[in-house]
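Here is a short briefing for a first look. Keep the sequence and the 3D view open as you read.

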Amino acid sequence: MSCEEPGCPPGPLERVLPPKSGSDELLRCRACGALYRTRHTYEFLIPGSYEEDTFWRLSEDARKVITEIVALPARRDELLSTALRDPSQEIADCAALIFWGAACAGESLPQSLVAAAEAHPASSPHGLNQSYRGLLEILRRGPAEAAAVGAALDRARALGREHVYAQTLRSALARR
Ligand SMILES: [Zn+2]
């Protein structure tokens, strides 16, 4: 895959955050800074199954927000807590992917927990699944993190924005 930015010399794209994300990736052109997303969709159907890989260049608005989150690790938690609630599905979904990757990388994300535990109308099912995976990763770290995820789920429910995977997360908490 190479850069599709008009006027950009075609060059290889490098992987940016997250370091671990299955087959969904965030990629950047080293020459011009354009950002790209890949998304792998798999649906188990009877009969057969459905698989699709998509690849697209992020909008300019999303590029600005996501570049900042990637470039500023010290502010990542704060920036993610806002971006996860962004009315743009592209931004909210990229934030969920980064949240998941940062959670897998062991980053501390206390400010983002409530935003990740909320079901946003703008998020796609894909984005909700990735924020769920990030929360699951964090709650497995230990008792303090599990308690923080539980509190975030309670807060989201109190706000009337319960996550579609809240019940699964609560089951994981109960099994600890
Ligand atoms: Zn480029």
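Which residues in H5 meet which residues in H6? Leu135, Ile138 and Leu139 of H5 meet Glu145, Ala146 and Val149 of H6. This contact consists of 5 nonpolar residues, no polar ones and 1 charged. The model is a predicted one.

**Helices H5 and H6**
- H5 covers residues 125–139, and its axis lies 7 Å from that of H6.
- The two helices pack at an angle of about 145 degrees.
- H5 has 15 residues and reaches 21 Å from its first C-alpha to its last, close to the 21 Å expected at 1.5 Å a residue.
- Of those 15 residues, 11 are buried, so H5 is largely enclosed by the rest of the structure.
- The buried residues of H5 include Gly127, Leu128, Gln130, Ser131 and Tyr132.
- Leu135, Ile138 and Leu139 are also buried.
- The cover over the buried residues of H5 includes H3, H4 (113–117), H6 and H7 (166–174).

**Alanine 144**
- Alanine 144 sits in helix H6, which spans residues 143–158.
- Is alanine 144 buried or exposed? Alanine 144 is exposed, because it has 7 other C-beta atoms within 10 Å, and a residue with 12 or fewer counts as exposed.
- Arginine 39 is 105 residues away along the chain from alanine 144, and their C-alpha atoms are separated by 33 Å.

**The largest nonpolar core**
- The largest nonpolar core holds 45 residues.
- Which of them touch the most other members? They are Leu80, Ala83, Leu84, Ala95, Ile98 and Phe99.
- Helix H3 (residues 89–104) gives this core its largest share, 11 residues.
- Leaving aside neighbours within four places in sequence, leucine 84 is in contact with Ala92, Ala95, Ala96 and Phe99, among others.
- As a general rule, nonpolar side chains tend to be buried together in soluble globular proteins.

**Helix H1**
- H1 runs over residues 60–71 and has 12 residues.
- From first C-alpha to last, H1 reaches 16 Å, close to the 16 Å expected at 1.5 Å a residue.
- Its buried residues are Ala62, Val65, Ile66 and Ile69.
- Seen down the axis of H1, these buried residues fall within an arc of 90 degrees, so they line one face of the helix.
- An α-helix has 3.6 residues a turn, so residues three or four places apart point the same way.
- On the other side of H1, Glu60, Lys64 and Ala71 are exposed.

Methods. Residues are numbered from 1 along each chain as its sequence is written. This is a predicted model: local features need pLDDT of at least 70, side-chain atom pairs count only at pLDDT 80 or more; totals for chains, interfaces and linings use all residues. Helices (H or I, at least four residues) and strands (E, at least two) are DSSP runs, numbered from the N terminus. A residue is buried if 20 or more other C-beta atoms lie within 10 Å of its own, exposed if 12 or fewer, and partly exposed in between; C-beta atoms are placed from the backbone. Axes are lines fitted to C-alpha atoms, for helices over the stretch in contact, and angles run from 0 to 180 degrees between N-to-C directions. Two residues are in contact if their C-beta atoms, placed from the backbone, lie within 7 Å. Ala, Val, Leu, Ile, Met, Phe, Trp, Tyr, Cys and Pro count as nonpolar, Asp, Glu, Lys and Arg as charged, and the others, Gly among them, as polar. A nonpolar core is a set of buried Ala, Val, Leu, Ile, Met, Phe, Trp, Tyr and Cys residues joined through C-beta atoms within 7 Å. The expected span of a helix is 1.5 Å times one less than its number of residues. The arc is that of the directions from the helix axis to the C-beta atoms.
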